[in-house]
Amino acid sequence: MTKQAERIFVKGNEAIARGALAAKCKCFFGYPITPQNDIPEFMSSAIIKAGGDFVQAESEIAAANMLLGAGAAGVRAMTSSSSPGVSLKQEAISYMAGSEIPAVVVNMNRGGPGLGDIGPAQGDYYQSTRGGGHGDYRHFTLGPATVQEAYDLTIRAFDIAFRHRTPVLILGDAILGQMKEPIVPWEPENIDDEPGRDWCLDGKTPDREKRLLKSLFLQEGELAGQNKHLQAKYDAWEELTECEQFETEDAELVICAYGSIARIAKSAVRKFRSQGKKVGLFRPITLYPFPSKELKALAEQGKRFLTIEQNLGQMLDDVRLAIRTVADSDFYAIYPGNLPTPDELEEPILNSLEGK
Amino acid sequence: MSEMNEKLVFDRPKSVIDRATHYCPGCHHGVAHRLVGELLDEMDLAEKVILTTSIGCSVFLYNYLNVDAVEAPHGRAPAVATGIKRARPEHFVFTYQGDGDLASIGMAEIIHAANRGEKISVIFVNNTVYGMTGGQMAPTTLIGQTTTTTPAGRCMTHEGAPIRMTEIIASLGGVAYAARGSLDNVKNIRKAKKYIKKAFEFQLSGTGFGFVELLSACPTNWKMTPLAANERIQKEMIPYFPLGVFKDVSEEGGIC
Amino acid sequence: MSRIVVQEDRCKGCLLCTTVCPVDIIVQSDRFNASGYKVAEVPEADADKCTGCASCATICPDVAIKVYKTPKKKKGE
């Protein structure tokens with residue numbers, strides 16, 4: 001990796017678009033929905049200038065299926081949307097998981113259920129980490145918390161997608177998408193952006209067998225075999241978990257939070273530390289695979305836990321699964337439509353710290 | 001008798017794999033597959049083809065054509081083909097879809113791919129019924145036709161009228177070519193092949209979207225013998241779904 | 001003369017071929033293939049009537065018919 005020194009001041013949405021271009025994304029398929037519109041708007045000219053192609057699709061369904069087509073052809077491609085639109089993309093995501101087609105999907109999580117609102121929310125955690133569509137599958141999910149991380153993880157998402165032949169979801173929210181921060185863009189080296197891998201569709205030449213990407217397996221035992229193969233792939237991802245630990249070493253209470261909420265919680269942790277209170281933060285960066293081993297290691301040191309999410313308690317399940325043999329976690333819900341300040345988190349943190 | 005001079009004048013095209021199909025006796029999918037295969041051979045396309053199959057009986061087309069293929073979700077083949085073509089503009093991309101797939105669940109995808117003028121070709125097999133799921137009403141089911149979901153026959157006031165896709169597609173700006181053929185007799189089959197060839201040529205020249213509808217029989221779900229089903233195409237389908245070329249930009253001076 | 005060869009394991013007995021033969025020589029045989037279909041055939045007595053027009057092969061949904069044609073001798077040859 002070679003860092004370019006120049007800093008730019010951009011929204012999280014634009015950082016994702018720029019990260020995709022740095023990762024040599026060649027096709028973008030978009031559809032308008034707030035709060036992610038900056039991504040297709042930026043891409044509509046930038047990706048064409050970069051020699052790629054942009055389509056404003058007729059729906060999120062179509063955009064995700066265009067992504068399936070481009071991925072099947074072995075070309076780096078991306079789509080972005082927000083919660084209601086991502087529900088529509090689940091059809092293609094399930095097919096891509098079943099057919100092992102690589103692609104990058106962005107969800108700038110907004111309030112729900114239904115049309116919800118257009119503010120920040122984390123209500124799509126279950127959908128993002130349990131497969132989301134029909135059938136028995138998982139996909140990689142990355143949860144950036146800063147604009148720089150949004151840029152970095154987008155580059156990483158393409159690498160994971162093609163290395164593991166899987167859809168990869170980048171789960172942000174309205175705060176991340178709409179907030180401007182300075183970032184340092186960089187270009188990854190050694191990107192394998194030349195198609196010609198041994199699975200992708202590039203025309204059957206006489207020297208090879210025809211290639212077929214499908215998720216229909218009707219013969220006896222065939223689907224079981226495919227799903228076992230997928231299971232082995234997902235199991236191997238457990239080596240690829242990533243998390244940020246902030247002041248956890250001597251912490252009595254560890255706050256578990258991801259994305260924008262983790263960032264706010266981090267400010268609260270700083271404040272408690274300045275008062276000499278032993279609070280730390282555990283922030284999963286890979287939401288699937290979830291960094292269970294890392295979290296369990298903290299639990300084994302006898303720490304207490306408080307999960308804070310902007311939903312009714314979803315990642316809480318993963319936290320509890322990780323630490324279930326040694327500890328439990330308290331939970332504090334932040335409701336959509338309101339952006340908490342670090343001060344608002346003080347009371348729940350204090351309560352957990354004192355075991356109330 | 002001089003068998004020395006004998007020539008093999010009709011044989012399986014190279015692009016069609018030598019295996020039995022899963023189709024029922026008298027089903028016209030096999031004819032449509034063979035026409036496509038003959039053209040892939042004759043136009044030397046096999047090495048640059050990426051096929052997008054749909055959902056329905058024809059999903060297994062990928063088992064019968066010796067080309068690279070991807071399986072699209074129900075109705076989404078034109079969107080998947082759009083993605084492939086945008087990713088690999090130098091390849092030859094076509095979809096093969098039935099009437100339930102294309103004219104019902106996939107209506108948005110086919111209309112917008114056509115209207116954008118995607119440089120792809122679409123083979124649309126219309127047999128007025130959902131075949132693989134057991135003979136339910138399709139958007140193209142004729143008025144009065146009994147299906148498993150219209151046991152008393154399709155009723156205009158309850159189910160609406162059968163959709164004429166080629167006419168709709170021909171009305172869209174990005175379309176270079178739209179034609180409807182039939183697979184019920186030798187003359188029509190030969191003409192249908194010419195239509196498909198023309199649609200393929202419009203993709204190769206980068207002109208625009210090509211669409212060919214093929215009226216086909218589904219004896220099993222029509223509950224008819226293959227011969228009676230074949231006759232139904234002339235008697236009932238062609239009067240409602242007229243044959244011919246509905247749009248050909250080479251005769252109109254092209255699209256911008 | 002011309003002739004057709006029906007690949008019997010592929011024939012599904014739909015009989016579409018019998019409807020398009022201009023000399024009307026294709027019939028359903030008494031033979032069943034492994035799939036249980038009664039296959040189409042040209043009885044030997046009619047074999048020399050085949051014109052090699054390939055209509056039967058053109059309508060066959062199962063690519064089960066091959067057509068061989070012998071060029072006609074020009075008059076006077």
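Author: This is a predicted model, and the questions below go through its chain contacts one by one.

Reader: Which chains have the most contacts between them?

Author: Two pairs of chains touch. Chain A and chain C are not one of them, as no contact joins these two. Of the pairs that touch, the most contacts are between chains A and B.

Reader: How far apart are the closest C-alpha atoms of chain A and chain C?

Author: Contact here means heavy atoms within 4.5 Å. No contact joins chain A and chain C. Their closest C-alpha atoms lie apart by 19 Å.

Reader: What area is buried between chain A and chain B?

Author: Start with the residues: 38 of chain A are in contact with 34 of chain B. Carbon and sulfur atoms give 59% of the buried area. That area is about 2,700 Å².

Reader: Which residues in chain A lose the most area to chain B?

Author: Three residues stand out here, with 22% of what the chain A side buries between them. They are A:Glu58, A:Lys204 and A:Lys210.

Reader: Which residue of chain A forms a salt bridge with B:Asp68?

Author: The rule finds four salt bridges across the interface of chain A and chain B. It also finds 16 residue pairs in polar contact there, both residues being at pLDDT 80 or more. In the salt bridge of B:Asp68, the closest N and O atoms are 2.6 Å apart. The partner is A:Arg208.

Reader: How many residues of the side of chain A that touches chain B are nonpolar?

Author: Divide the residues of this side by class. Seven are polar and nine are charged. The nonpolar ones number 22.

Reader: What is the bridge partner of A:Leu212 in strand 3 of chain B?

Author: Strand 11 of chain A pairs with strand 3 (residues 68–71) of chain B. The two run in the parallel sense, over two bridges. For A:Leu212, the bridge partner is B:Ala69.

Reader: Now the other interface. What area is buried between chain B and chain C?

Author: In this pair, 32 residues of chain B are in contact with 29 residues of chain C. Carbon and sulfur atoms give 60% of the buried area. The area comes to about 2,500 Å².

Reader: Which residues in chain B lose the most area to chain C?

Author: Together they make up 22% of what the chain B side buries. The three are B:Glu6, B:Phe10 and B:Leu227.

Reader: Which residue of chain C forms a salt bridge with B:Asp18?

Author: The count between chain B and chain C is three salt bridges. In the one with B:Asp18, the closest N and O atoms are 2.7 Å apart. The partner is C:Arg10.

Reader: Where does the largest share of the side of chain B that touches chain C come from?

Author: Helix 1 (29–42), helix 8 (186–204) and helix 10 (226–240) of chain B each supply at least two residues, as does strand 1. The largest share is four residues. It comes from strand 1 of chain B.

Reader: Which residue of strand 4 of chain C does B:Phe10 stand opposite?

Author: Strand 1 of chain B pairs with strand 4 of chain C over three bridges. The sense is antiparallel. B:Phe10 stands opposite C:Val67.

Reader: In what order do the three strands of the open sheet run?

Author: Strand 4 of chain C pairs with strand 1 of chain B. Four bridges also join strand 4 (residues 65–69) to strand 1 of chain C, again antiparallel. The order is 1(B)-4(C)-1(C).

Reader: Why is one side of each edge strand left without a neighbour in the sheet?

Author: The edges are strand 1 (7–10) of chain B and strand 1 (3–6) of chain C. One side of each is left without a neighbour because each has a single partner strand.

Reader: How many helices and strands does chain C have?

Author: Follow the elements of chain C from the N terminus: they run β-α-β-β-α-β. That comes to two helices and four strands.

Terms used
Residues numbered from 1 in each chain as written. Chains lettered and ligands numbered in written order. Predicted model: local features only at pLDDT ≥ 70, side-chain atom pairs only at ≥ 80, totals over all residues. Heavy atoms only, no water. Buried area = accessible area lost by both parts, 1.4 Å probe. Salt bridge = Lys/Arg side-chain N within 4 Å of Asp/Glu carboxyl O. Polar contact = N/O pair within 3.5 Å; in protein donor to acceptor, adjacent residues only side chain to side chain. Nonpolar A, V, L, I, M, F, W, Y, C, P; charged D, E, K, R; others polar. Pairing = 2+ DSSP bridges.
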